[in-house]
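Thank you for making the time this morning. I would like to walk through one model with you, beginning with a single loop and ending with the overall layout.

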Amino acid sequence: MFDPIIKQKQPFAARILESALTPGREKPANAYILTGNNTDDMLFLANETARILNCGHKIEECTCVNCSWVRQNTHPAVIRVEPEKTVITIARTRELKHSLLISSQYHRVIIFTKADYKTLHSESANALLKIIEEPPRRVTFFFFARDREDMLDTIVSRSQVIPLKYTPEPVFDFSLLGGFPPENREKALLLAEKLLKENTPAEDILEIMQRHLVLNIKQNSENRDFCLKNINYLKNVQKAANELKSYVNPQAVLDSLLLSGL
Ligand SMILES: [Zn+2]
(Lines give C-alpha, C1' and ligand atoms only; values in the text may rest on other atoms or scores of the structure.)
Protein backbone atom coordinates (compact mmCIF):
# COMPACT_ATOMS: atom_id res chain seq x y z
CA MET A 1 0.00 0.00 0.00
CA PHE A 2 2.62 2.56 1.12
CA ASP A 3 5.67 3.49 -0.89
CA PRO A 4 8.42 0.85 -0.27
CA ILE A 5 10.99 3.56 0.59
CA ILE A 6 9.11 4.72 3.66
CA LYS A 7 8.21 1.15 4.64
CA GLN A 8 11.91 0.38 4.73
CA LYS A 9 12.85 3.55 6.63
CA GLN A 10 10.00 3.49 9.14
CA PRO A 11 8.70 -0.10 9.21
CA PHE A 12 6.87 0.17 12.55
CA ALA A 13 5.01 3.41 11.79
CA ALA A 14 4.20 2.35 8.22
CA ARG A 15 2.79 -0.97 9.47
CA ILE A 16 0.50 0.69 12.03
CA LEU A 17 -0.83 3.24 9.55
CA GLU A 18 -1.26 0.72 6.73
CA SER A 19 -3.12 -1.63 9.01
CA ALA A 20 -5.52 1.17 10.00
CA LEU A 21 -6.10 1.94 6.32
CA THR A 22 -6.81 -1.64 5.26
CA PRO A 23 -10.55 -2.01 4.55
CA GLY A 24 -12.23 -4.33 6.99
CA ARG A 25 -9.47 -3.94 9.57
CA GLU A 26 -9.38 -1.31 12.33
CA LYS A 27 -10.49 2.24 11.50
CA PRO A 28 -7.94 5.05 11.22
CA ALA A 29 -7.60 7.08 14.44
CA ASN A 30 -8.99 10.63 14.46
CA ALA A 31 -5.52 11.97 15.20
CA TYR A 32 -1.98 10.65 15.07
CA ILE A 33 1.07 12.06 16.80
CA LEU A 34 4.32 11.15 15.05
CA THR A 35 7.35 11.62 17.28
CA GLY A 36 11.04 11.66 16.46
CA ASN A 37 13.68 13.80 14.80
CA ASN A 38 12.99 13.12 11.14
CA THR A 39 10.37 15.53 9.83
CA ASP A 40 10.86 14.33 6.25
CA ASP A 41 9.80 10.81 7.21
CA MET A 42 6.85 12.20 9.20
CA LEU A 43 5.65 14.15 6.17
CA PHE A 44 6.13 11.15 3.92
CA LEU A 45 3.99 8.98 6.23
CA ALA A 46 1.26 11.61 6.58
CA ASN A 47 1.20 12.14 2.82
CA GLU A 48 1.04 8.40 2.13
CA THR A 49 -1.88 8.17 4.55
CA ALA A 50 -3.63 11.05 2.73
CA ARG A 51 -2.90 9.43 -0.62
CA ILE A 52 -4.37 6.05 0.35
CA LEU A 53 -7.39 7.66 2.03
CA ASN A 54 -8.23 9.53 -1.18
CA CYS A 55 -7.31 6.85 -3.72
CA GLY A 56 -9.77 4.31 -5.10
CA HIS A 57 -7.09 1.71 -5.83
CA LYS A 58 -4.99 1.80 -2.66
CA ILE A 59 -1.82 0.50 -4.32
CA GLU A 60 1.68 1.87 -4.03
CA GLU A 61 2.31 2.52 -7.73
CA CYS A 62 -1.09 4.10 -8.39
CA THR A 63 -1.07 7.07 -10.79
CA CYS A 64 -4.68 8.26 -10.35
CA VAL A 65 -5.29 11.98 -10.06
CA ASN A 66 -5.54 11.88 -6.24
CA CYS A 67 -2.24 10.01 -5.88
CA SER A 68 -0.51 12.34 -8.36
CA TRP A 69 -1.74 15.46 -6.56
CA VAL A 70 -0.57 14.18 -3.17
CA ARG A 71 2.85 13.31 -4.59
CA GLN A 72 3.12 16.80 -6.12
CA ASN A 73 2.02 18.43 -2.85
CA THR A 74 -0.96 20.01 -4.60
CA HIS A 75 -3.87 17.97 -3.26
CA PRO A 76 -6.55 20.29 -1.77
CA ALA A 77 -7.34 17.67 0.89
CA VAL A 78 -3.86 17.80 2.42
CA ILE A 79 -3.76 20.86 4.64
CA ARG A 80 -0.45 21.78 6.26
CA VAL A 81 -0.57 24.03 9.31
CA GLU A 82 2.77 25.78 9.87
CA PRO A 83 3.66 28.27 12.60
CA GLU A 84 3.55 31.98 11.76
CA LYS A 85 6.97 33.05 13.02
CA THR A 86 7.07 30.87 16.13
CA VAL A 87 3.46 30.04 17.01
CA ILE A 88 0.28 28.71 15.48
CA THR A 89 -2.19 31.51 16.11
CA ILE A 90 -5.68 31.23 17.56
CA ALA A 91 -7.00 32.86 14.39
CA ARG A 92 -5.45 30.07 12.31
CA THR A 93 -6.93 27.22 14.37
CA ARG A 94 -10.36 28.89 14.44
CA GLU A 95 -10.29 29.38 10.69
CA LEU A 96 -9.24 25.74 10.27
CA LYS A 97 -12.08 24.55 12.50
CA HIS A 98 -14.65 26.50 10.45
CA SER A 99 -13.28 25.20 7.17
CA LEU A 100 -13.46 21.60 8.42
CA LEU A 101 -17.12 21.99 9.36
CA ILE A 102 -17.91 22.57 5.66
CA SER A 103 -18.18 19.16 4.03
CA SER A 104 -15.76 18.08 1.33
CA GLN A 105 -15.66 15.42 -1.38
CA TYR A 106 -12.21 14.43 -0.10
CA HIS A 107 -10.81 12.79 3.01
CA ARG A 108 -9.00 15.75 4.50
CA VAL A 109 -5.68 15.23 6.28
CA ILE A 110 -4.54 18.09 8.49
CA ILE A 111 -0.81 18.13 9.23
CA PHE A 112 0.66 20.23 12.05
CA THR A 113 4.36 20.09 11.19
CA LYS A 114 5.40 21.58 14.54
CA ALA A 115 3.02 20.72 17.34
CA ASP A 116 5.06 21.12 20.54
CA TYR A 117 3.29 23.09 23.29
CA LYS A 118 5.33 26.23 22.63
CA THR A 119 4.22 26.32 18.99
CA LEU A 120 0.71 24.91 19.32
CA HIS A 121 -0.08 26.41 22.73
CA SER A 122 -3.21 25.74 24.73
CA GLU A 123 -5.17 28.84 23.60
CA SER A 124 -4.77 27.84 19.95
CA ALA A 125 -5.27 24.14 20.60
CA ASN A 126 -8.49 24.73 22.57
CA ALA A 127 -10.33 25.72 19.41
CA LEU A 128 -9.59 22.27 17.99
CA LEU A 129 -10.01 19.88 20.91
CA LYS A 130 -13.64 19.13 20.21
CA ILE A 131 -13.12 18.34 16.55
CA ILE A 132 -10.01 16.28 17.25
CA GLU A 133 -12.14 14.16 19.56
CA GLU A 134 -15.13 14.00 17.24
CA PRO A 135 -13.95 15.09 13.81
CA PRO A 136 -16.36 15.71 10.96
CA ARG A 137 -16.66 12.73 8.62
CA ARG A 138 -13.45 11.94 6.70
CA VAL A 139 -10.99 14.16 8.56
CA THR A 140 -7.69 12.89 10.04
CA PHE A 141 -5.18 14.92 12.01
CA PHE A 142 -1.40 14.51 12.18
CA PHE A 143 0.79 16.26 14.76
CA PHE A 144 4.59 16.16 14.61
CA ALA A 145 6.79 16.57 17.68
CA ARG A 146 10.15 15.39 18.90
CA ASP A 147 8.66 13.75 22.01
CA ARG A 148 5.15 13.15 23.28
CA GLU A 149 6.21 15.04 26.44
CA ASP A 150 6.66 18.15 24.26
CA MET A 151 2.95 18.20 23.46
CA LEU A 152 -0.14 19.32 25.34
CA ASP A 153 -1.76 16.49 27.30
CA THR A 154 -5.12 17.54 25.91
CA ILE A 155 -3.95 16.61 22.41
CA VAL A 156 -1.96 13.51 23.42
CA SER A 157 -5.00 12.05 25.19
CA ARG A 158 -7.06 12.42 22.02
CA SER A 159 -4.49 10.95 19.65
CA GLN A 160 -2.63 7.76 18.84
CA VAL A 161 1.10 8.24 19.37
CA ILE A 162 3.43 6.54 16.87
CA PRO A 163 7.15 6.81 17.67
CA LEU A 164 9.37 6.90 14.59
CA LYS A 165 12.84 5.45 14.31
CA TYR A 166 15.40 8.10 15.27
CA THR A 167 17.83 9.25 12.63
CA PRO A 168 21.30 9.32 14.22
CA GLU A 169 22.46 12.89 14.83
CA PRO A 170 25.85 13.67 13.28
CA VAL A 171 28.74 13.58 15.75
CA PHE A 172 30.79 16.77 15.83
CA ASP A 173 34.45 16.73 16.70
CA PHE A 174 34.95 20.07 18.47
CA SER A 175 38.59 19.21 19.23
CA LEU A 176 39.30 20.10 15.61
CA LEU A 177 38.70 23.72 16.53
CA GLY A 178 41.40 24.06 19.21
CA GLY A 179 42.17 27.78 19.50
CA PHE A 180 38.95 29.04 17.95
CA PRO A 181 38.10 31.93 18.05
CA PRO A 182 41.77 32.96 17.60
CA GLU A 183 43.36 35.67 19.77
CA ASN A 184 45.50 37.38 17.17
CA ARG A 185 46.34 37.57 13.50
CA GLU A 186 49.20 35.10 13.65
CA LYS A 187 47.15 32.46 15.49
CA ALA A 188 44.22 33.01 13.11
CA LEU A 189 46.35 32.26 10.06
CA LEU A 190 47.98 29.25 11.73
CA LEU A 191 44.56 27.85 12.63
CA ALA A 192 43.31 28.38 9.07
CA GLU A 193 46.33 26.49 7.77
CA LYS A 194 45.79 23.65 10.25
CA LEU A 195 42.09 23.36 9.38
CA LEU A 196 42.82 23.21 5.66
CA LYS A 197 45.15 20.25 6.21
CA GLU A 198 42.37 18.27 7.95
CA ASN A 199 40.52 15.60 6.05
CA THR A 200 37.28 17.38 6.91
CA PRO A 201 35.72 19.40 4.06
CA ALA A 202 35.56 23.18 4.66
CA GLU A 203 31.73 23.08 4.67
CA ASP A 204 31.80 20.62 7.59
CA ILE A 205 34.37 22.73 9.47
CA LEU A 206 32.01 25.71 9.21
CA GLU A 207 29.14 23.58 10.47
CA ILE A 208 31.24 22.51 13.49
CA MET A 209 32.19 26.17 14.11
CA GLN A 210 28.55 27.16 13.99
CA ARG A 211 27.60 24.56 16.60
CA HIS A 212 30.56 25.51 18.74
CA LEU A 213 29.53 29.19 18.69
CA VAL A 214 25.91 28.38 19.49
CA LEU A 215 27.06 26.29 22.47
CA ASN A 216 29.33 29.14 23.61
CA ILE A 217 26.40 31.55 23.49
CA LYS A 218 24.05 29.19 25.35
CA GLN A 219 26.56 28.40 28.09
CA ASN A 220 27.65 32.02 28.65
CA SER A 221 24.37 33.87 28.24
CA GLU A 222 25.16 36.20 31.18
CA ASN A 223 28.41 37.43 29.60
CA ARG A 224 27.12 40.04 27.15
CA ASP A 225 30.40 40.98 25.47
CA PHE A 226 31.41 37.36 25.00
CA CYS A 227 28.01 36.55 23.48
CA LEU A 228 28.12 39.53 21.12
CA LYS A 229 31.54 38.45 19.91
CA ASN A 230 30.26 34.92 19.27
CA ILE A 231 27.12 36.20 17.56
CA ASN A 232 29.30 38.31 15.32
CA TYR A 233 31.40 35.27 14.42
CA LEU A 234 28.23 33.30 13.77
CA LYS A 235 27.20 35.85 11.12
CA ASN A 236 30.66 35.64 9.57
CA VAL A 237 30.50 31.84 9.49
CA GLN A 238 27.19 32.07 7.65
CA LYS A 239 28.76 34.50 5.19
CA ALA A 240 31.73 32.16 4.73
CA ALA A 241 29.37 29.23 4.03
CA ASN A 242 27.72 31.29 1.28
CA GLU A 243 31.11 32.19 -0.17
CA LEU A 244 32.04 28.49 -0.32
CA LYS A 245 28.79 27.81 -2.17
CA SER A 246 29.84 30.49 -4.69
CA TYR A 247 33.10 28.57 -5.24
CA VAL A 248 35.40 31.04 -3.47
CA ASN A 249 38.71 29.29 -2.66
CA PRO A 250 38.39 27.57 0.79
CA GLN A 251 41.73 29.00 1.97
CA ALA A 252 40.63 32.56 1.22
CA VAL A 253 37.28 31.89 2.94
CA LEU A 254 38.86 30.47 6.13
CA ASP A 255 41.59 33.14 6.28
CA SER A 256 39.13 35.99 6.01
CA LEU A 257 36.69 34.34 8.44
CA LEU A 258 39.29 33.75 11.15
CA LEU A 259 40.67 37.26 10.77
CA SER A 260 37.19 38.80 10.79
CA GLY A 261 36.67 38.74 14.56
CA LEU A 262 39.97 40.41 15.49
ZN1 LIG B 1 -4.51 6.42 -6.58
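Predicted model: local features only at pLDDT ≥ 70, side-chain atom pairs only at ≥ 80, totals over all residues.

**A loop glycine as a way in**

With 12 C-beta neighbours inside 10 Å, Gly179 counts as exposed, where exposed means 12 or fewer other C-beta atoms within 10 Å of a residue's own, buried means 20 or more, partly exposed is anything in between, and the C-beta atoms are placed from the backbone. Residues are numbered from 1 along each chain as its sequence is written.

Gly179 sits in the loop between E5 and H8; helices (H or I, at least four residues) and strands (E, at least two) are DSSP runs, numbered from the N terminus. Leaving aside neighbours within four places in sequence, Gly179 is in contact with Lys187 and Leu191, a contact being two C-beta atoms, placed from the backbone, that lie within 7 Å. Leu191 is 12 residues away from Gly179 in sequence, and the two C-alpha atoms are 7.3 Å apart in space.

The loop between E5 and helix H8 (185–197) also holds Pro181, and the peptide bond that joins Phe180 to Pro181 is cis, with omega about -5°. Most residues other than glycine have a negative phi, and most peptide bonds are trans. Against that background, Lys58 has a positive phi of about 55° although it is not a glycine, and its place is in the loop between H3 and H4. Arg138, in the loop between H6 and E4, likewise has a positive phi of about 55° without being a glycine. Lys58 counts as partly exposed because it has 16 C-beta neighbours inside 10 Å, and Arg138 counts as partly exposed with 16 such neighbours inside 10 Å.

**The sheet**

In what order do the five strands of the open sheet run? The order is E2-E3-E4-E1-E5, and the pairing is parallel, with two strands taken to pair if DSSP finds at least two bridges between them. E2 and strand E5 (160–163) are at the edges with a single partner strand each, so one side of each has no neighbour in the sheet. On average, neighbouring strands are turned by 20° against each other, direction ignored; here axes are lines fitted to C-alpha atoms, for helices over the stretch in contact, and angles run from 0 to 180 degrees between N-to-C directions.

Strand E1 pairs with E4 in the parallel sense over five bridges, and Ala31 stands opposite Phe141 in E4. E1 also pairs with E5 in the parallel sense, over four bridges, and there Thr35 has Pro163 as its bridge partner. Five of the five residues of E1 are buried, so this strand is largely enclosed by the rest of the structure. Both of its faces are covered, with Ala31, Ile33 and Thr35 buried on one side and Tyr32 and Leu34 buried on the other. E3 and E4 pair in the parallel sense over five bridges, and the partner of Val109 in E4 is Thr140.

**The cores**

Which residues touch the most other members of the largest nonpolar core? They are Leu34, Val109, Phe142 and Phe143, out of 43 residues, a nonpolar core being a set of buried Ala, Val, Leu, Ile, Met, Phe, Trp, Tyr and Cys residues joined through C-beta atoms within 7 Å. Among the elements that give two or more residues to this core are strand E1 (31–35), helix H3 (39–54), strand E3 (108–112) and strand E4 (139–145). Beyond its neighbours within four places in sequence, Phe142 is in contact with Tyr32, Leu34, Ala46, Val109, Ile110, Ile111 and Phe112. A second, separate core has 17 residues, including Ala192, Ile205, Leu213 and Leu258.

**The overall layout**

The domain assignment, which is automatic or from a database, gives domain 1 (4–163) and domain 2 (174–260), and their centres, taken over C-alpha atoms, are separated by 40 Å. The radius of gyration of the protein is 24 Å, whereas a compact globule of 262 residues would be near 18 Å; the radius is taken over C-alpha atoms, and the globule rule is 2.2 Å times the number of residues to the power 0.38. Along the principal axes, the C-alpha atoms fill a box of roughly 70 × 40 × 30 Å. Of the 262 residues, 31% count as buried.
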